[in-house]
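Here is a short report on one protein chain. It covers helix packing, a sheet, and several single residues.

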Amino acid sequence: MTDQSSGQGFSTRAIHAGYEPDPQTGAVNVPIYASSTFAQDGVGGMRDGFEYARTGNPTRRALEANMAALEGGTHGRAFSSGMAATDAVLRSQLRPGDHLVIPNDAYGGTFRLIDKVFSQWGITYSVAAVNDVDAVRAAITPQTKLVWVETPTNPLLNIGDIEAIAAVAHDAGTKLVVDNTFASSYLQQPLALGADIVLHSTTKYLGGHSDVVGGVLVTNSQEVDEAVAFLQNGAGAVPGPFDVYLTLRGIKTLAVRMDRHSDNAEKIVEYLGSHAKIEKVLYPGLDGHPGHAAAAKQMKRYGGMVSVLVKGGRQGAQDLCAATKVFTLAESLGGIESLIEHPAAMTHASTAGSLLEVPDNLVRLSVGIEDVDDLIGDLDQALS
């Protein structure tokens, strides 16, 4: 799914890549093709390759081409959720007896799928800190087929040096998968740094409005794409055309939203850094963050996700989550509205008792694009 817009700027690609105005009507937005099947011109005479909506849909094709262009890849595949995309990567690339390396603070849903489902099918895994290249190297075994990296990680916001980890993975004959959800395509380009597969939960920053669930995979490998496409069709975890349309609509404003998310996050980090009730602020834009140098090298900016360790332990964290009024207590992230959550009891509850267990006093903020003075004022009253 190559795109002629590859030499254009990011925002231009975000708005135009994957779709030209309809030649018949001039419609500037991709139509929502709400059809489960497509007429054929004789047996096997498919029009533009379309036969059945699980196999392919014109609206979905536009999103897949758009995402490939944004990530600098040649193949994009859209799914009904980020976890469906995760499942497709794992099932397409792993077989019983294979091994993968995952972050020691991976997203709880990713860990749950690997630990509770794939482990039942003979897949083993090791954990390693993404900010420790030597630890990643040490975790690789002769059976390793994938190194899985989130950067920034969810929820501790650790940074993996993608270029360095790619070199380690490739030296060992394994593929590198980068979950780029927290950074978004605007802030980080993993394929250009050596990654083999890039994954997004498009539910988050790409959709950007907390109104649609989806996932996407992008790669430059035809072999990987063919394996993923087989599962996309065979298992059928595909997005509907209206969901695809909403995602495309969100992507058009990704660049301006990410800059505003980053602006607001930086000011909130400055406020929280000197607050008496905050033990520590976790944000890759801080000079003291252990992954700051790697983030500065591979990210355009540092994003809208901020995590804090709150004084007062678990109760202190939950009190903060319960007291905000502008920040909404909710799971997920990356929308225009600000969200707050307690990972240990919410998104990462499945990691309790494991090597991926998160601190009880951790609070994760998804900083939205509201007026930043209102966001700081809300945190101030909640911490008072």
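## Basis of the model

This is a predicted model, in which local features need pLDDT of at least 70, side-chain atom pairs count only at pLDDT 80 or more, and totals for chains, interfaces and linings use all residues. Residues are numbered from 1 along each chain as its sequence is written, and side-chain values use heavy atoms, with hydrogens and water left out.

Helices (H or I, at least four residues) and strands (E, at least two) are DSSP runs, numbered from the N terminus.

## Helices α10 and α13

Two packed helices are described by the angle between their axes and the distance between the axes. Helix α10 spans residues 254-273 and helix α13 spans residues 372-383. They pack at about 30°, with axes 10 Å apart. That makes α10 roughly parallel to α13 (angles under 35 degrees count as roughly parallel, over 145 as roughly antiparallel, 65 to 115 as roughly perpendicular and the rest as oblique). The axes are lines fitted to C-alpha atoms over the stretch in contact, and angles run from 0 to 180 degrees between N-to-C directions.

From α10, the contact uses N264, K267, I268, Y271 and L272. From α13, it uses V372, L375, I376, L379, D380 and L383. Contact means heavy atoms within 4.5 Å. By class, this contact has 8 nonpolar, 1 polar and 2 charged residues (Ala, Val, Leu, Ile, Met, Phe, Trp, Tyr, Cys and Pro count as nonpolar, Asp, Glu, Lys and Arg as charged, and the others, Gly among them, as polar).

## H275, between α10 and β8

H275 lies in the loop between α10 and β8. At 17% relative accessibility, H275 counts as buried (buried is under 20% relative accessible area, exposed over 50%, partly exposed in between, with a 1.4 Å probe and protein chains only). Beyond neighbours within four places in sequence, H275 contacts D380 and L383. Both of these residues also belong to the α13 side of the helix contact.

## The five-strand sheet

An open sheet of 5 strands runs in the order β8-β9-β12-β11-β10, with mixed pairing. β8 (278-282) and β10 (328-329) are the edge strands, each pairing on one side only. Two strands pair if DSSP finds at least two bridges between them.

β10 and β11 (residues 339-341) pair in the parallel sense over 2 bridges. T328 has L339 of β11 as its bridge partner.

Is β2 buried or exposed? In strand β2 (residues 99-103), 5 of the 5 residues are buried, so the strand is largely enclosed by the rest of the structure. β2 pairs with β3 (residues 124-128) in the parallel sense over 5 bridges. H99 has T124 of β3 as its bridge partner.

Helix α4 (residues 108-117) is mostly covered, with 7 of its 10 residues buried. Those buried are G108, G109, T110, F111, L113, I114 and D115. Their cover includes α3 (82-93), β2, β3 and β4 (144-150).

Q232 sits in helix α8 (residues 222-235). Q232 is buried, at 1% relative accessible area. Leaving aside neighbours within four places in sequence, Q232 contacts R60, E64, R77, A78, F79, A237 and V238.

A296 sits in helix α11 (residues 292-298). A296 is partly exposed, at 41% relative accessible area. A296 and P284 are 12 residues apart in sequence and 8.4 Å apart in space, C-alpha to C-alpha.
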